[in-house]
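Please read them with the structure open.

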Amino acid sequence: MNKIIIAIDGYAATGKSTIAKRIAKKLNYIYIDTGAMYRAVSYFGLQQSPEGKINFTKLIASLPEIKIHFENSEKGLQTFINGENRSLQIRESRVNEVVSVVASVREIREFLVEQQRIMGNEKGIVMDGRDIGTVVFPEAECKFFLTAAPEIRAQRRHKEQLEAGNNESFEAVLANVKSRDHQDSTRVTSPLTKASDAIEVEVSHLTIEEVLQKLQYHIDKKLG
Ligand code: CDP
């Protein structure tokens, strides 16, 4: 059977990664979490500047030193930065606070997009992010764009954060979700926007299983 590229874009905390992982598992495809890559660069930038303010000139100059790779484990997809597992650290609130600014820097996007294209070279991938259907793989055979009300997304993310031991208030999570949406949608370099040929799915009142069913229907049509 022909392998295809499945692009899943959308707003923060719409469940893109959960959906993408499940689809990849079912099809025996590779899942690539591009958000984790922007988070990894953000984490590296924060580590480089102990005073907590990223020095962008320094970070851009260091990009060739940042080696990101993923490994599957029983705990799910793990993100490694220069050989160290940083899966938990990249989800901390200090990273949430800077990641959208980091992701608005053209040089950083070019650096990561190039790697994402190489990863997708062989097809048979599910990639989630903000610009996969528009910029990384405009030729992807299947494109989805997930949306949901900010309060519902923040509730989900708040629950996940608490489970991971990050004690942030619901209000703080909601404010971060909204500010990242704004920053991601208004940046100059590849802003978050629905590709004209993407299928939009409003997930506010759908369970994960219902979202999966909807996406699977369109994927099955493409796969014939
Ligand atoms: O999981 P969540 O939806 O909260 O975010 P994520 O997918 O981990 O992405 C974190 C941030 O990285 C986003 O808010 C964007 O600023 C940036 N990002 C991006 O600009 N382009 C992508 N392809 C993926 C993420």
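1. A cavity here is a set of points, on a 1 Å grid over the protein atoms alone, where a 1.4 Å probe fits but cannot get out. Grid points are joined across faces, edges and corners, and a volume is the space filled by probe spheres set on the points. By this test the structure holds one cavity of 30 Å³ or more. The volume of the largest cavity is about 40 Å³.

2. On provenance: this is a predicted model, in which local features need pLDDT of at least 70 and side-chain atom pairs count only at pLDDT 80 or more, while totals for chains, interfaces and linings use all residues. Residues are numbered from 1 along each chain as its sequence is written, and side-chain values use heavy atoms, with hydrogens and water left out.

3. Lining residues have an atom within 4 Å of a point. For the largest cavity they are Ser93, Asn96, Glu97, Arg157, Gln161, Glu168, Val173 and Asn176. At least two lining residues come from each of helix H4 (93–102), helix H7 (150–163) and helix H8 (170–186); helices (H or I, at least four residues) and strands (E, at least two) are DSSP runs, numbered from the N terminus. H4 gives the largest share, three residues.

4. The lining comprises one nonpolar, four polar and three charged residues. In this scheme Ala, Val, Leu, Ile, Met, Phe, Trp, Tyr, Cys and Pro are nonpolar, Asp, Glu, Lys and Arg are charged, and the others, Gly among them, are polar.

5. How many salt bridges does a search of the whole structure find? The total is 14, a salt bridge being a side-chain nitrogen of Lys or Arg within 4 Å of a carboxyl oxygen of Asp or Glu.

6. Lys123 pairs with Glu141 in a salt bridge whose closest N and O atoms are 2.4 Å apart. This pair links distant parts of the chain, 18 residues apart: Lys123 is in the loop between helix H5 (106–119) and strand S6 (125–129), and Glu141 in the loop between helix H6 (132–136) and strand S7 (142–147). Lys123 is partly exposed at 31% relative accessible area, and Glu141 is partly exposed at 25%. Buried means under 20%, exposed over 50%, and partly exposed in between (1.4 Å probe, protein chains only).

7. Asp184 and Arg187 form a salt bridge at 3.5 Å, N to O; both residues are buried.

8. Arg94 and Glu92 form a salt bridge with the closest N and O atoms 3.3 Å apart. Arg94 is partly exposed, at 35%, and Glu92 is partly exposed, at 27%. Separately, a network of salt bridges links Arg106, Glu107 and Glu110.

Terms used. 1 Å grid on protein atoms, 1.4 Å probe; cavity = no way out; pocket = protein on both sides within 12 Å on 5 of 7 lines; lining within 4 Å.
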